[in-house]
Amino acid sequence: MMAANVLELNAVERRFTQGPKTLTILDGADFALQSGEMVALVAPSGTGKSTLLHIAGLLEHPDGGDVIVNGRPCQGLSDDNRTAIRRGEIGFVYQFHHLLPEFTALENVMMPQLISGLDRKEASDRAAQLLDYMKIGERVHHRPTELSGGEQQRVAIARAVANAPLVLLADEPTGNLDPVTASYVFEALEALVRQSGLAALIATHNEGLAARMDRRVTLEGGKVVAMA
């Protein structure tokens, strides 16, 4: 039995106006992501990778088409409903970790859970489990400035999945790391995806990491196309 699509982009369009010109970034882009798979989005800078991720994660509205999350069309939803879907069903990881500097690793991972209404004890327990799974359990009480780049990114990954989302979207999550650390962080991310059944779309310039994923796609002429 084939896994269900948990994320779909149907004929998505995105355009930006620059003076008298209109710049088309996405032009009828179609894409589907299944539960439990990792897909690499590999494309040159400026082709729309971040725009695609932002639209897929309901951070931007497309100019046409629709995004479907877990079978639910999102184009006509209110901002409050879109926020609720982002909070509960979509996790984000960026090239720069964006951890809150005044909080510890544990508190950073607790934060999205507390915002979603989980009590402090449950949030703390789950955060500790996730950080231990990411092999950073001994650093839970350290603040971001006391952590290495790889450790910070592993905290960011734990934070992204703290609310047990269905979809993980990552924009160059290892792009700011040296090759050895990047490989280590990717291995931790891959183990998490495989164990939890997450669906992950990961934008990367790292061909070595991309080759380790289930499939690769790129952007050509504003459309998502498969790579060999």
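A pocket here is an open set of points on a 1 Å grid over the protein atoms alone, with protein on both sides within 12 Å along at least five of seven lines, and its lining residues have an atom within 4 Å of a point. Grid points are joined across faces, edges and corners, and the volume is the space filled by probe spheres set on the points. Of the 20 lining residues, I90, F92, P112, R159 and A160 are the closest to the centre of the pocket. At least two lining residues come from each of α2 (79–89), β6 (90–94), α3 and α5. Helices (H or I, at least four residues) and strands (E, at least two) are DSSP runs, numbered from the N terminus. By class, the lining comprises eleven nonpolar, six polar and three charged residues; Ala, Val, Leu, Ile, Met, Phe, Trp, Tyr, Cys and Pro count as nonpolar, Asp, Glu, Lys and Arg as charged, and the others, Gly among them, as polar.

Residues are numbered from 1 along each chain as its sequence is written. Because the model is predicted, local features need pLDDT of at least 70 and side-chain atom pairs count only at pLDDT 80 or more, while totals for chains, interfaces and linings use all residues, and side-chain values use heavy atoms, with hydrogens and water left out.

Helix α5, one of the contributors to the pocket lining, has twelve residues and spans 17 Å from its first C-alpha to its last, close to the 16 Å expected at 1.5 Å a residue. That expected span is 1.5 Å times one less than the number of residues. Ten of the twelve residues of α5 are buried, among them R154, V155 and A160. Buried means under 20% relative accessible area, exposed over 50%, and partly exposed in between (1.4 Å probe, protein chains only). The buried residues of α5 pack against β6, α3, α4, β7 and α6, where contact means heavy atoms within 4.5 Å.

The interior can be followed from here. In soluble globular proteins, nonpolar side chains tend to be buried together. The largest nonpolar core has 40 residues, and V109, L131, V155 and L168 have the most contacts inside it. Such a core is a set of buried Ala, Val, Leu, Ile, Met, Phe, Trp, Tyr and Cys residues joined through side-chain atoms within 4.5 Å. The elements supplying at least two residues each to this core include β3 (38–41), α3 (105–115), α4 (120–133), α5 (149–160) and β7 (167–171). Helix α6 gives the most, with seven residues. Leaving aside residues up to four places away in sequence, L168 touches G91, F92, V93, A160, V161, L189, L198, A199, A200 and L201. A second, separate core of 32 residues includes V12, C74, L77 and L169.

A cavity is a set of grid points where a 1.4 Å probe fits but cannot get out. Two or more residues of its lining come from each of α1, β6 and β7. Helix α1 (residues 49–56) is itself largely enclosed by the rest of the structure, because six of its eight residues are buried; L53 is one of these. Just after α1, L58 takes a positive phi of about 65°.

The second largest cavity, with a volume of about 30 Å³, is lined by P173, T174, F186, I202, T204, L209 and M213. This lining has five nonpolar, two polar and no charged residues. T204 lies in the loop between β8 and α7 and is buried, with a relative accessible area of 3%. Apart from residues up to four places away in sequence, T204 touches A40, L41, V42, E172, A210 and M213.

One of these contacts, E172, is found in the loop between β7 and α6 and counts as buried at 10% relative accessibility. Most residues other than glycine have a negative phi. E172, although not a glycine, has a positive phi of about 50°. A positive phi of about 50° is also found at A11, in strand β1 (residues 5–18), where A11 is partly exposed with a relative accessible area of 37%. In the loop between β4 (64–69) and β5 (72–73), G71 is exposed, with a relative accessible area of 58%.
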